[in-house]
Amino acid sequence: MADIFVSYTASDRDWAFWIGKQLEALGHIPYIHEWEITAGDDIYAWMEQRHDAADRVLCVVSDEYLKAPYSSLERRAAQWQAVTKRPGFVLFVAVKPCRFPTLSDHVRRCELYDLPEEAARQRLHAFLSQPQASATAIFPGRVAAVSNVPILVPRLFVGRETALDALEAALGGDQGRVAITAVHGLRGVGKTTLAAAYAEQHRDRYRATWWLRAQTDAGLRADLVGLGLRLGWVTPDDKEEPALAATLERLRHEGEGVLLIYDNAVSAKGLRPYLPRGGAAQVLVTSNAPDWGRLAAPLPLAVWPPAVGAEYLVKRTGRAGEQDAALALAEALGGLPLAHEQAAAYCERLGVSLAEYLRRFEEAPARLLDAQADAVDDYHAEDHPDGLTVAKTFGLAIAEASRLHPGAAGLLAHAALLAPEPLPLFLFAEARGELGEPLASALAGDGLDEAVAALRAFALVEREAVSDEREAGVSTECVRLHRLVRQVAAPAERGAREEMRRALVAALATVYPRDVEDPRVWPRARRLDGLALDLVGGEAAPPSRAEVASAWLLDRLASYRQVVLAVYAAARSLLERALAIIERVRGPDHPDTAAILANLASLLRNQGDLAEARSLHERALAITERVRGPDHPNTTTSLNNLALLLQDQGDPDGARPLLERALAVRERVRGPAHPDTAASLNNLASLLRDQGDLAGALPLFKRALAVREQMLGPDHPATATSLNNLANLLQDQGDPDGARPLLERALAVRERVLGPDHPDTAASLSNLAILLRDQGDLAGARPLQERALTITERVLGPDHPDTAVIIANLALLLRDQGDMNAARPLFERALTITERVRGSDHPATAISLNNLASLLRDQGDLNAARPLQERALAISEQVLGPNHPDTAASLNNLASLLRDQGDLNAARPLYERALAITERVLGPNHPRTAASLNNLAGLLRDQGDLNAARPLYERALAITERVLGPDHPSTRNIRDGLAFVAWPAASP
């Protein structure tokens, strides 16, 4: 037993601890620093002392380990000792696939990754055990004990060292009773060759190594009786049935030193009658089927990694200078050894390069996969003397699966036409009706599961539960196909392929979520997104009779990118393609065309292209009015869409009659208490609020809330939205105490109904934090903003524009707390996200520029702030126009900066222009007009013109007292300014 220093890095901690426990089980003493070092101890001194005292150093190797500084120091010191003074001092145990350094690559190592725990334990124990001399040794030239292995192990046998070690560990783990290991995997992956190699490697361990043809009962019976004859347990005159029983009974009692290889077994159930009922025989099974857990220790055999495939191709063809081409070809062949053999044979036969084979394979994969001249002649030679190509191998498997279930081949053919991703089984379950008969009926009930089981029995698909990328605990049952199975299974005839593509488009259109704004459907959308995009997102024309479904899918794919991923450029190209298809099929004046026009306009609005968005909304409205009529629900939706766009353009006067008309229609057609009417009330109230008519907005917001509470219930998400909007209005009116319970109730509804991690819940948290900030409770606001940010980053992603808004809100809070150094990187990050996602000329980018400039002003860095303010103003003027309220805000901000720099003459015309815009667009009694009056008055005061400043202060005060109330913070601030300029007049 030995003292063993375990060297590892933090990312492999779990592996190191597991290995430590295995060392203890073997009687060794592991040195693991996290088991010995306490707080304050000197880790370097511990390393030096333990490393020097250890009998051996075990390195837990991964790519992270090879890069980490401490672990590299430990490894190199151990290697130096091994070379100079202590041979065998270092032990390498690889826990992840990695590339060993050149000076370490020659050292024997143990690879534990991709193994089940028991196989990993057995392999590690075998690795750490002292080598034992073979119990028997055969004199060279003497025939070994009984063997009938019919397979010649290839001269070039690569990439299976780990599998051989795992076989040895598994077969050696059941001492005293029959040991059964089942190697399973794809056809052509090399299971039979691996079994033959294992038998060859351990030929001196067994007194009999016997190969059994396990694909049929007849083969099994004949080969077991043949073993009995060779060992003298039965005679040639015995009948088959008693001879079979006698052989199995003798194996039970005299099976020690016997290896039975059951090649190409169909199923565990079919094989069970032909296995020894006990004893010490060792059994190795090869099979396509994966379900061996009740009978044997399953050992999955994976395809070759690309590097191994490339190594094989280069060595087999002798083309040492074609490493890059070999690697690319290995990738294209999906690591399937049989396909590599066939490709190498083709290159040898015709004298072509690997690169040329790859070119021809990409042009006509089906032809090359079925090239009989290059078939591997010893692959299942007993049944196919001329050898089997990859195509015929898989073709036979598909035929056998079809005999097990009538829907197997059809399901596989449809799956083969989808993108090479995990395929969710709900697609075929919920939309089986679109796949046509007889497949739809074959997949009914548990037919889908049975069809998948039939395909799995011949390793044509793998079934797995795929975890969602974002939602912990959410997984989807899926199947995967090897890329070459896809090539063989897909129908060759063009008409059949096109009909299946049509069925798949219709199926995806059936199951793809309609409301992608609901995060509950996002895991489903993530599973379907790549499949749908591959079918309809390219330049090829949509399948015949699936044009409308294709356009609808493109529309949904675009919505997912717009709402969830915030990749607007990609969404735009999909919508433009959808529009082109629907216009061609339905015509330019069809309601379906209007719907896609409206969605494209909404996207352009998000991108800041308001002018183009307006023209599309106007066209959509014209179509719906003409086709559906002026009182149709779609027409009112179009009216609302156009009105919101006009508000964005700073044209509330143009938006108001559209919203009023939409409300009037909905009240007349839907009724005054309909949820659609509540939505119109809400939209009109929001416009009145923007216009500064807070008194006019209040009853509309209250009525919208009352309708939603009555018709939808107090816990509906739309009710929470109304609560939030009413609370914001009360805040504008200077009533935070009235707003707070509404915001808290909205948050409670969203947390309860939508969940604590919903983006709307994050919005409520942020809104409540803003109110607390306005009330001066900065400490109470901060954890709410931080929680809101955590939610949006996790659910929407760190680069979503909604995440940027929450980041900016948190930065504003930190600024108010005086933590400018913490706020600045957040403002900068929000600006970076907004520029990248929205564009450098988007109005939201202007807001981010203003926020960062404001912080720089507060830090006294006026020179750095000025170009940001100037750029923000340029964006607002260019995109929104010179008379937009947001342009006025940018003018005010730049003027305030110039005022801080002492350039009062330059600031004054900007303040005056801002005031003129707000008065003209928002009206003379709007709170923002009051703010502009206050700013200009403050400048005049700084210039010493108190007489000119006083009437501006008085007018501003009258507005805020009337609209916001006498105790609003803005009212108090203006009152203080007025007192300053009025003081000299009041003095004696």
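Strand S12 (residues 423-424) and strand S14 (residues 475-480) run antiparallel and are joined by two bridges. Helices (H or I, at least four residues) and strands (E, at least two) are DSSP runs, numbered from the N terminus, and two strands pair if DSSP finds at least two bridges between them. Leu423 is placed opposite Val479 of S14. S14 also pairs with strand S13 (residues 462-467), in the antiparallel sense and over six bridges. Here Val466 stands opposite Thr476 of S14.

The model is predicted: local features need pLDDT of at least 70, side-chain atom pairs count only at pLDDT 80 or more, and totals for chains, interfaces and linings use all residues. Residues are numbered from 1 along each chain as its sequence is written, and side-chain values use heavy atoms, with hydrogens and water left out.

The predictor's confidence in each residue, pLDDT (from 0 to 100), averages 90 over the protein, and 96% of the residues score at least 70. Over residues 134-138 pLDDT stays under 50, and the model has four contacts for them beyond four places in sequence. A contact means heavy atoms within 4.5 Å. Where pLDDT is low, the predicted coordinates should not be read in detail.

A nonpolar surface patch is formed by Tyr44, Tyr70 and Leu73, with about 320 Å² of accessible area together. Patches consist of residues with over 30% relative accessible area and no salt bridge, with like charges joined within 9 Å and nonpolar side chains (Val, Leu, Ile, Met, Phe, Trp, Tyr) within 5 Å. A salt bridge is a side-chain nitrogen of Lys or Arg within 4 Å of a carboxyl oxygen of Asp or Glu. Areas come from the Shrake-Rupley method with a 1.4 Å probe, and for residues only the protein chains shown count as cover. Tyr44 lies in helix H3 (residues 43-53) and Tyr70 in helix H5 (residues 69-84). Not counting residues up to four places away in sequence, Tyr44 touches Tyr70 and Leu73.

Arg815 belongs to helix H37 (residues 801-816). Leaving aside neighbours within four places in sequence, Arg815 contacts Met820, Ala823, Ser854, Leu855 and Asp858.

The table lists relative accessible areas; buried means under 20%, exposed over 50%, and partly exposed in between.

| Residue | Relative accessible area | Class |
|---|---|---|
| Tyr44 | 46% | partly exposed |
| Tyr70 | 45% | partly exposed |
| Arg815 | 18% | buried |

Terms used: Buried means under 20% relative accessible area, exposed over 50%, partly exposed in between (1.4 Å probe, protein chains only).
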